[in-house]
Amino acid sequence: QMGGPGALAPLVKLRKFSSTLASASDFILDTFDPEEEEDELSNENMLKIIYGETFDQDVNEMVWRCLGYKLNEDGEWANDDVFPKWRDKHPTPPDLIGIKRNYTYEIDRPVQKANQDLVKSVPMKYKQGVKEHLRPLGFMGFKLDELTPNKTRRAQCVNWLLFYREALRGKTLEQLKAEAKQEIENQQPPPVVGPDSNQRRDGKGKFVEQSDWKYPNKPLT
């Protein structure tokens, strides 16, 4: 096993995730055994991230480790086990939250782009992960006037972590590629004309199939 495809085995274990802010020292890399320990990616812990009960950098580091980055003894992050397509765009772990809380274009644009890349990597059927998994705990979302870039990005990171937990954790890169290939083969293209459709109109207005159509997706592998 690898690490993004292989933090797929080792993960960020929360030794404590109390109602107070957790610090980087509260996170250790470990293997999750559901019969013996609490899941560091539990719905309860994800909810605490959304509610701002952790430091921004700790949210960054949780996602980094699940993507496959590993912290060396010299304090540098190695990318050997990072998901290949993600590593191509982000050889070093990017800020996904905006820890400076400075939203000027020059400073925040790289954060915005990295966060967008993370969001795009989540397949359509996992886009509603926050709603699906956290609503039973009472989270009904934020009102429009309550939203801030920080809250939005925390929720997006949580949604990716839920996708990772449900679909990627514990699998090898080869398994993930095989699953992705099978899923694409099984997908039925949309029945209507549009940017995501396999149909177009010919010169007479009749529907014709585009043989080069592919299901839109930006997978990590």
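Select Asp108 and Arg153 to start: both are buried, where buried means under 20% relative accessible area, exposed means over 50%, and partly exposed lies in between (1.4 Å probe, protein chains only). Their side chains meet in a salt bridge, 2.7 Å from N to O. A salt bridge here is a side-chain nitrogen of Lys or Arg within 4 Å of a carboxyl oxygen of Asp or Glu. The pair links distant parts of the chain, with Asp108 in helix α4 (residues 105–120) and Arg153 in helix α6, 45 residues apart. Helices (H or I, at least four residues) and strands (E, at least two) are DSSP runs, numbered from the N terminus.

This is a predicted model, in which local features need pLDDT of at least 70 and side-chain atom pairs count only at pLDDT 80 or more, while totals for chains, interfaces and linings use all residues. Residues are numbered from 1 along each chain as its sequence is written, and side-chain values use heavy atoms, with hydrogens and water left out.

The structure holds 10 salt bridges. Side chains of opposite charge can pair when their charged atoms come close.

Next, select Asp39 and Arg169. They form a salt bridge whose closest N and O atoms are 2.9 Å apart. This pair also links distant parts of the chain: Asp39 sits in the loop between β2 (27–31) and α1, and Arg169 in the loop between α6 (149–168) and α7 (173–186), 130 residues apart. Both Asp39 and Arg169 are buried.

Then select Glu179 and Lys171, whose side chains meet in a salt bridge of 3.0 Å, N to O. Are these two residues buried or partly exposed? Glu179 is partly exposed, with a relative accessible area of 36%. Lys171 is partly exposed too, with a relative accessible area of 23%.

**Helices α1 and α6**

Show α1 (43–50) and α6 (149–168). The two helices pack at an angle of about 160 degrees, with their axes 9 Å apart. Axes are lines fitted to C-alpha atoms, for helices over the stretch in contact, and angles run from 0 to 180 degrees between N-to-C directions. α1 and α6 are therefore roughly antiparallel to each other, since angles over 145 degrees count as roughly antiparallel, under 35 as roughly parallel, 65 to 115 as roughly perpendicular and the rest as oblique.

To see the contact (heavy atoms within 4.5 Å), select Asn43, Met46, Ile49 and Ile50 of α1 together with Arg154, Ala155, Val158, Leu161, Leu162 and Arg165 of α6.

Move on to Tyr51, in the loop between α1 and α2. Tyr51 is partly exposed, with a relative accessible area of 43%. Tyr51 and Ala155 are 104 residues apart in sequence and 9.1 Å apart in space, C-alpha to C-alpha.

Select Asn60, in helix α2 (residues 56–67). Asn60 is buried, with a relative accessible area of 0%. Not counting residues up to four places away in sequence, Asn60 touches Pro94, Asp95, Leu96, Ile97 and Ile99.

Finish with Cys66 and Cys157. Cys66 counts as buried at 1% relative accessibility, and Cys157 counts as buried at 0%. How many disulfides are there? Taking a disulfide as a pair of cysteine sulfur atoms within 2.5 Å, the count comes to zero.
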